[in-house]
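Here is a short briefing on selected features of one structure. Keep the sequence and the coordinates at hand.

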Amino acid sequence: MFTISLCMIVRNEEQTLGRCLSTVHDLVDEIVVVDTGSTDRTKEIARSLGARLFDFLWIDDFAAARNFAFSQASKDYIFWLDADDVLEEADRDRFRALRSMEPFEYDYVSMPYHLVVDERGMPVKYLRRNRLVKRPRQFVWHGVVHEYLEVAGKAFHSDIAVTHRKEKPYTDRNLQIYLQRKERQEPFSPRDQYYFANELYDHGRWAEAAAQYQLFLDGGLGWVEDQIMACYKQADCFAHLKQSEKQIQALVRTLAFDAPRAEFCCKVGAFFLEKKDFPKAIYWFRQATLLERPQNMMGMTDEAAWSWLPHLQLCYCYDQIGEYGRAKIHHEMSKLHHPTHPSVLHNERYFASREEAQSSG
């Protein structure tokens, strides 16, 4: 069985670090925690759970901190987490099964990252990240903010999910790092351009974000998944700015990068729904229900678009044009996917009241 070092960078994570380590400490052979300046009980918690603790002077560079953490690892493979991540019990079992695989000759292992889960614990938005890497390969992190791990070689795409359970409120820390770099006229890589646009987007600076996404897209050098997401988010910016022609143009631009995905179809459907153009909205929401889900896709997946959302919207659209039978069919489909969603429950009451009125009439 191969050995594993868990490597983490932390700062003031007393609320979440213990929870994180409690879900993984017995699955790894070594815990390396690099602290970048905590003033709370983070270090004490790390030590209590057997971590090897190191200090690293924070220099506004996440990749530098992660590379330092990786340099302290001593086992066959390196596994990385953030303090607000956890492994659920089913994923702990999958992790144990992975460790028992023989022979294990992979250079890196990707795992689903559940960014948002619903009240049932089901993933709502997720992507894949390279989580477990062979230490002798000396893979390197890049990027001062929204850093990424550059890998190569033989891959294994596992079904072990890491679940994000954020407790801290979002801050403008990353935005300020980018703004300061811009003020210093530092060069931005395509990835920097994309994530700077995301920070502007997340802070509601719609016009600036749209322009930054345009700069990134026009460069044509970004990762294809980032380019697709940039189109989606730029379209959202134009929607906020009430520029509908630019909004649909941004959405259509995604077709230059890949075949239509359910997310695209739902967004175009919503565009026409907003205009109350129900026939066009129906067309696009129906397309979303017909697509085959890609396997092991590394980019962001919106689970709703691939399951209950298009059926929910089709239910509404058909109801609006008086095709109640079709509306009911799509209500039942959305209920099959997500029976406890508030909109599904609302529609259940609506159809029950309609049927009651018809029977009494």
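Contact here means heavy atoms within 4.5 Å. Buried means under 20% relative accessible area, exposed over 50%, and partly exposed in between (1.4 Å probe, protein chains only). Helices (H or I, at least four residues) and strands (E, at least two) are DSSP runs, numbered from the N terminus.

This is a predicted model, in which local features need pLDDT of at least 70 and side-chain atom pairs count only at pLDDT 80 or more, while totals for chains, interfaces and linings use all residues. Residues are numbered from 1 along each chain as its sequence is written, and side-chain values use heavy atoms, with hydrogens and water left out.

**Helix 14**

- Helix 14 spans residues 342–360, 19 residues in total.
- Its first and last C-alpha atoms are 27 Å apart, close to the expected 27 Å; the expected span is 1.5 Å times one less than the number of residues.
- Val344, Asn347 and Phe351 are the buried residues of helix 14.
- Those buried residues fall within an arc of 60 degrees seen down the helix axis, so they line one face of helix 14. The arc is that of the directions from the helix axis to the C-beta atoms.
- Pro342, Arg349, Glu356 and Ser360 are exposed on the other side of helix 14.

**Helix 12**

- Helix 12 is mostly covered, with 9 of its 12 residues buried.
- The buried residues of helix 12 include His311, Leu314, Cys317 and Tyr318.
- They pack against helix 10 (262–274), helix 11 (278–290), helix 13 and helix 14.
- The end C-alpha atoms of helix 12 are 17 Å apart, which agrees with the 16 Å its 12 residues should span.

**Cavity**

- The structure holds 1 cavity of 30 Å³ or more.
- The largest cavity has a volume of about 40 Å³.
- Ile228, Tyr232, Thr254, Asp258, Ala259, Pro260, Arg261 and Phe264 line the largest cavity.
- A cavity is a set of points on a 1 Å grid over the protein atoms alone where a 1.4 Å probe fits but cannot get out; lining residues have an atom within 4 Å of a point.

**Asparagine 130**

- Asparagine 130 lies in strand 7 (residues 123–134).
- Asparagine 130 counts as buried because its relative accessibility is 15%.
- Leaving out residues up to four places away in sequence, asparagine 130 touches Trp80, Tyr108, Val109, Ser110, Leu149, Val151 and Met298.

Key:
1 Å grid on protein atoms, 1.4 Å probe; cavity = no way out; pocket = protein on both sides within 12 Å on 5 of 7 lines; lining within 4 Å. Points joined across faces, edges and corners; volume = space filled by probe spheres on them.
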